[in-house]
Amino acid sequence: MSSNRELSMSSYVGIGVGLMVIVAIEVVLTYQHLETRTLLFSLLSLACLEAFVAVMYLMHVKYERPILFWTIFPATLFVLILLCYLWPDAFRMASMRLLQ
Amino acid sequence: MNVTQSAMPSVGQHEVLMEASPYGIEKKKLGMWMFIVSDACTFGAFLFAYGYMRVGNPVWGTPFGPASVLNGVVMTAVLLSSSLTMLAAVRAAQTGAKPSTKKWLGVTMLLGTIFAALHLKEWFSLIGEGWRLFYNPTGGAAQFGATFFSVTGLHLTHVVTGVIALAFIARGYNRGRYDQSHVETAGLYWHFVDLVWMFVFPLMYLMNAH
């Protein structure tokens with residue numbers, strides 16, 4: 001049950017425009033000839049920002065009881081962070097190929 | 001025990017005592033959130049697998065030129081617009097405006113279909129250049145096709161499923177079988193599909209642009 005504090009439709013359009021601006025920044029960054037790791041970090045950070053705005057406003061989590069947020073998000077983030085265990089092996093593979 | 005009057009449905013002449021949900025949302029909406037969590041982990045696993053292979057292979061394909069990136073930007077704009085039209089449909093359903101709800105659900109389905117068509121256009125363009133699931137025509141890592149087609153294919157499946165689900169919801173809502181909570185729950189799914197694209201576009205398209 002969402003509360004009555006929800007934003008107006010024009011505010012949601014503003015959020016949509018803001019998200020498109022972030023996409024435009026991502027495209028500009030892509031053509032700045034950044035190092036792959038720097039580009040990846042920048043794009044992922046911007047994507048996380050977009051996702052946070054989408055979850056809080058478009059999916060209305062901001063207007064639900066806080067327990068919903070605290071039940072769902074820490075657990076999901078924990079699972080996704082655990083997947084980062086794979087990265088050292090990926091870098092090991094890349095360095096092994098360079099040695100050959 | 002926190003028991004509310006609304007949480008005591010009657011069965012025959014007896015009232016069933018039920019504890020109120022601590023989340024304060026309907027069961028179907030909580031069920032959708034559970035689905036979204038599991039689906040987020042699925043997409044997360046796919047994207048991490050892609051990242052693993054991308055980092056582990058120094059010679060990775062970068063097939064996307066400015067035209068493909070522009071196509072991707074248009075696809076993003078279409079999907080974001082569909083999220084806004086879905087919000088308009090939910091708003092209309094909450095006020096009980098049936099024609100307006102149907103109209104906005106129709107626009108959302110149309111935008112979803114346009115997104116799918118643009119997606120398939122990109123796929124056919126790549127296939128025309130010789131990219132396959134396990135073949136890289138430029139001689140680099142063969143896994144590009146496997147990761148690109150599987151991640152974007154999974155997302156495309158979600159979009160198509162969403163369009164079909166919205167069609168059922170619109171039909172049921174029009175006939176009075178479904179109410180505004182069904183439209184809200186479908187909206188939650190649709191926004192999640194949009195959210196996933198916010199990661200797929202930069203990671204699969206922009207990271208592979210030349």
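In α1(B), the buried residues are B:Lys29, B:Met32, B:Trp33, B:Ile36, B:Ala40, B:Leu47, B:Tyr50, B:Gly51, B:Arg54, B:Val55 and B:Gly56. The helix that carries them spans residues 27-56 of chain B, 30 residues in total. From the first C-alpha to the last, α1(B) reaches 43 Å, close to the 44 Å expected at 1.5 Å a residue. Helix α3(A) has 17 residues and reaches 24 Å between its end C-alpha atoms, close to the expected 24 Å. Its cover is another matter: α3(A) is hardly covered, and the count of buried residues among its 17 residues is zero.

The model is predicted, and it is worth looking at its confidence before going further. It scores ipTM 0.90 and pTM 0.90. For chain B, the mean pLDDT is 90, with 92% of the residues at 70 or more. Residues 1-6 of chain B have a pLDDT below 50, and this stretch has eight contacts in the model beyond near neighbours in sequence. For chain A, the mean pLDDT is 88, and 91% of the residues reach 70 or more. Within chain A, confidence is highest in α1(A), at a mean of 96, and lowest in α4(A), at 77.

Chain A is divided into two domains, domain 1 covering 1-64 and domain 2 covering 66-100. The C-alpha centres of these two domains of chain A lie 22 Å apart.

Next comes the contact between the chains. Chain A brings 37 residues to the contact and chain B brings 36 residues. On the side of chain A that touches chain B, two or more residues come from each of α1 (9-30), α2 (36-58), α3 (66-82) and α4 (87-99) of chain A. Helix α1(A) gives the largest share of that side, 10 residues. By residue type, the side of chain A that touches chain B divides into 29 nonpolar, three polar and five charged residues.

Which residues touch the most other members of the largest nonpolar core? Among its 62 residues, these are B:Ala89, B:Val200 and B:Leu203. Both chains take part: at least two residues of this core come from each of α1 and α2 of chain A, and from each of α1, α2 (66-94), α3 (98-128), α4 (143-174) and α5 (180-205) of chain B. Helix α5(B) gives the most to this core, with 17 residues. Setting aside residues up to four places away in sequence, B:Ala89 touches B:Thr101, B:Trp104, B:Leu105, B:Thr108, B:Val183 and B:Gly187.

B:Leu206 is placed in the segment after α5 of chain B. B:Leu206 counts as buried because it has 22 C-beta neighbours inside 10 Å, where 20 or more are needed. Apart from residues up to four places away in sequence, B:Leu206 touches A:Glu26, A:Val27, A:Thr30 and A:Leu43 in chain A, together with B:Val69 and B:Phe201 in chain B. B:Leu206 and B:Val78 are 128 residues apart in sequence, and 18 Å separate their C-alpha atoms in space.

A:His33, in the loop between α1 and α2 of chain A, has a positive phi of about 55° although it is not a glycine. A:His60, in the loop between α2 and α3 of chain A, also has a positive phi, near 65°. Is each of these residues buried or exposed? A:His33 is exposed, since 6 other C-beta atoms lie within 10 Å and the limit for exposure is 12 or fewer. A:His60 is buried, because 22 other C-beta atoms lie within 10 Å.

Finally, chain B has an exposed loop residue of its own. B:Pro22 is found in the loop between β2 (14-15) and α1 of chain B. With 11 C-beta neighbours inside 10 Å, B:Pro22 counts as exposed. B:Pro22 and B:Ile127 are 105 residues apart along the chain, and their C-alpha atoms are separated by 50 Å.

Notes: Residues numbered from 1 in each chain as written. Chains lettered and ligands numbered in written order. Predicted model: local features only at pLDDT ≥ 70, side-chain atom pairs only at ≥ 80, totals over all residues. Domains from an automatic or database assignment. pLDDT = per-residue confidence, 0-100. Contact = placed C-beta atoms within 7 Å. Helix = DSSP H or I, 4+ residues; strand = E, 2+ residues; numbered from the N terminus. Expected span 1.5 Å × (residues − 1). Nonpolar A, V, L, I, M, F, W, Y, C, P; charged D, E, K, R; others polar. Core = buried A, V, L, I, M, F, W, Y, C linked by C-beta atoms within 7 Å.
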